[in-house]
Amino acid sequence: MLRTLTNAALLAAAPLVLLASGAHAQDAGKWSFGAGAATDNRSKDASKSNGDPFVYGTAEWESASGLFYGSGGAETIDGGGAKVELELGAGVRPEFAGFDFNLNATHKWRVDADPGYDADAWEFTADMKRSIGPAKARLRLQYSPDGTGSTKAWTWYEGQLGWDFTDKLSGSVAVGRREQNNAPDYTGWNIGGSYALTRKTELELRWYDTDAKVPGEQYASALVAGINFSF
């Protein structure tokens with residue numbers, strides 16, 4: 001599985017190498033990488049790994065100005081017969097009137113999914129963030145015209161509040177609403193915190209839950225522990 005994930009991450013990141021190599025010399029930018037694992041793969045407060053542990057890897061190129069970026073990644077999942085999901089995206093991070101924005105378009109696809117399974121999707125994200133001292137807030141809007149599997153168009157709205165207790169310990173709480181065609185609508189929430197063991201290593205513990213009345217692990221409540229590395 002780790003070898004599969006490594007190969008998948010390299011495949012997802014390959015176009016980013018072309019992007020960076022084609023950048024202007026005066027705006028060559030920089031690369032950053034991440035990897036980690038957790039006891040469950042949660043996205044929009046629902047499980048993508050059927051409640052099982054997962055691992056992930058990411059790569060990002062950012063312009064020297066910090067405005068433009070491109071990213072790629074791979075993560076283990078359990079859906080439609082696929083065990084690995086790849087993604088490739090690009091976006092901008094402008095600042096305006098004291099707010100930080102992140103506008104992003106990402107294409108995701110699931111490797112070796114069952115025949116007939118809709119294995120790819122586009123996701124569009126708009127974030128608006130503000131930090132005042134130790135306090136942080138974020139509003140997020142995400143949309144896909146056609147999700148993976150049987151899910152068609154969906155929209156996700158989320159608000160998040162966070163607080164930095166120390167330079168190493170932080171906490172946050174978020175509430176979101178997902179409206180989907182051909183899949184359950186639900187409200188989800190999570191609360192938890194992270195602790196920086198080092199500048200490059202972070203531990204995270206978070207509680208997730210939803211109000212979806214669907215049997216199985218996808219929408220069930222869970223306490224998720226994880227570790228994240230940055231390079």
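## The chain as a whole

Of the 231 residues in the protein chain, buried residues make up 39%; "buried" means under 20% relative accessible area, "exposed" means over 50%, and "partly exposed" lies in between (1.4 Å probe, protein chains only). This is a predicted model, where local features need pLDDT of at least 70 and side-chain atom pairs count only at pLDDT 80 or more, while totals for chains, interfaces and linings use all residues. Residues are numbered from 1 along each chain as its sequence is written, and side-chain values use heavy atoms, with hydrogens and water left out.

Among contacts with a separation of 6 or more, 45% are between residues 24 or more positions apart; a contact means heavy atoms within 4.5 Å.

## Rings that meet

A pair of aromatic rings is described by the distance of the centres and the angle of the planes. Rings of Phe, Tyr and Trp (its six-membered ring) pair if their centres lie within 6.5 Å; planes under 30 degrees apart are stacked, over 60 edge-to-face, and the rest tilted. This rule gives five aromatic pairs. In one of them, the ring centres of Trp31 and Phe33 are 5.9 Å apart and the planes are at 5 degrees, so this pair is stacked. Trp31 is partly exposed, at 32% relative accessible area, and Phe33 is also partly exposed, at 40%.

Now look at Tyr186 and Tyr219, an edge-to-face pair with 5.1 Å centre to centre and 65 degrees between the planes. Which parts of the chain does the pair link? Tyr186 belongs to strand E13 (residues 186-196), and Tyr219 to the loop between strand E14 (201-210) and strand E15 (222-230), so the two are 33 residues apart. Tyr186 is buried, with 0% relative accessibility, and Tyr219 is buried too, with 7%. Together with Trp156, Tyr186 and Tyr219 form one aromatic cluster.

## Charges over rings

A charge sits over a ring if NZ of Lys or CZ of Arg is within 6 Å of the ring centre and within 35 degrees of the ring normal. Arg93 does this over the face of Tyr69, 3.7 Å from the ring centre. Arg130 has its charged end over the ring of Phe99, at 5.1 Å from the centre.

## The second largest pocket

On a 1 Å grid over the protein atoms alone, a pocket is an open set of points where a 1.4 Å probe fits, with protein on both sides within 12 Å along at least five of seven lines; lining residues have an atom within 4 Å of a point. The second largest pocket has 26 lining residues, and Arg110, Thr148, Thr151, Arg178 and Gln218 lie nearest its centre. Strands that each supply at least two residues of this lining include E5 (68-79) and E8 (99-111).

Which backbone angle is positive in Asn50, although it is not a glycine? The answer is phi, at about 60 degrees. Asn50 lies in the loop between E3 and strand E4 (54-62) and is partly exposed, at 40% relative accessibility. Asn182 also has a positive phi, near 70 degrees, and is a residue other than glycine. Asn182 is in the loop between E12 and E13 and counts as exposed, at 56%.

Conventions
Helices (H or I, at least four residues) and strands (E, at least two) are DSSP runs, numbered from the N terminus.
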